[in-house]
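Colleague: Hi, could you walk me through this model? I'd like to start with charged contacts and then move on to pockets.

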Amino acid sequence: MRAGIREQHVEACRARVELRWHSSEGERELDRSAELPRTYDRNAHNHTRFSPSSTKVKPTTIVEAARGEDNMQRRQLIAEAGVRLITRGGVRALTHRAVDREASLPPGSTSYYARTHRDLVMLVVKHLGTQTRTDLDSFSLPASLTASEAAALLTTLLDHLARRADEQSSRFALLFEVRGDEELHALHTLDSPVRTLLAQGAESVLQVLGVENPSHYAADLVGLLDALMMYRLAGAAPINARSVIQAYLDGLPRCNVT
């Protein structure tokens, strides 16, 4: 009798793990003892099987995306507050507590995104690069130029960049602050994506003018524009930027035209 009961129990277990259904092509059998694939599997059977979770957007994905956007906005808010502090009080005014107050953030907020003062400086430096790059993207170079037209174009570029006076002032202030930090100094000068764009633009202008070896003089032209910007922001002396730029361009050697 016990053997009979055991056999009935085994049959009942088998019935629970084996399901049968009917389709237009006849009877098919699905072995539920095998784990269903987590992704699409069109080869195992003539029908498509998939995990129900694959058709839904995970709530965590939405939350993570929102957090990422919020983090970017918060970093920008901190960087903009840092720029204002540097403009008013120099780099010494850039502290975590001062940024919290300037940005109207709860105490300790800035420390969450920039743990050290160096991290805070890095955040501001990257922000300045992004802003300048946005300004440069709006400028295009004509196919042909005279020296006078090139000087006018570069003067217009200076005027455009000078609209962000706080950002440009902070950029110059940070140049002195990061002199002893090799990584930050490179990021703010030679290795800066903005510096690369400026050098490429300057070289393109010189090429259009027919200047001999334009890549050699491109860095000098960028340095001249930086100096003119600094004079303007500091109010050091009244200078006619267009005349200075044209005099420089006129003095460069031209390629021999045969």
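**Salt bridges and pockets**

Modeller: Happy to! By the rule used here, the count comes to 9 salt bridges, a salt bridge being a side-chain nitrogen of Lys or Arg within 4 Å of a carboxyl oxygen of Asp or Glu. This is a predicted model, where local features need pLDDT of at least 70, side-chain atom pairs count only at pLDDT 80 or more, and totals for chains, interfaces and linings use all residues. Residues are numbered from 1 along each chain as its sequence is written, and side-chain values use heavy atoms, with hydrogens and water left out.

Colleague: Which residue does Glu-102 meet in a salt bridge?

Modeller: Glu-102 meets Arg-84, at 2.8 Å from N to O. Glu-102 lies in helix α3 (residues 96-102) and Arg-84 in helix α2 (residues 59-89), so the pair ties together parts 18 residues apart in sequence. Helices here are DSSP runs (H or I, at least four residues), numbered from the N terminus. Arg-84, Arg-88 and Glu-102 are also linked in a network of salt bridges.

Colleague: And what does Asp-135 pair with?

Modeller: Asp-135 forms a salt bridge with Arg-164, 2.9 Å from N to O. Asp-135 is in helix α5 and Arg-164 in the loop between α6 and α7, so this pair ties together parts that are 29 residues apart in sequence.

Colleague: Is Asp-135 buried or exposed?

Modeller: Asp-135 is buried, with a relative accessible area of 3%, while Arg-164 counts as partly exposed at 26%. Buried means under 20% relative accessible area, exposed over 50%, and partly exposed in between (1.4 Å probe, protein chains only).

Colleague: Switching to pockets: what volume does the largest pocket have?

Modeller: About 480 Å³. A pocket is an open set of points on a 1 Å grid over the protein atoms alone, where a 1.4 Å probe fits, with protein on both sides within 12 Å along at least five of seven lines; lining residues have an atom within 4 Å of a point. The volume is the space filled by probe spheres set on the points, which are joined across faces, edges and corners.

Colleague: Which element gives the most to the lining of the largest pocket?

Modeller: That's α5, with 7 residues.

Colleague: How about the second largest pocket, what space lies in it?

Modeller: About 350 Å³. Of the 16 residues that line the second largest pocket, the closest to its centre are Phe-139, Leu-157, Leu-197, Gly-201 and Ala-202. There, α9 gives the most to the lining, with 7 residues.

Conventions. Helix = DSSP H or I, 4+ residues; strand = E, 2+ residues; numbered from the N terminus.
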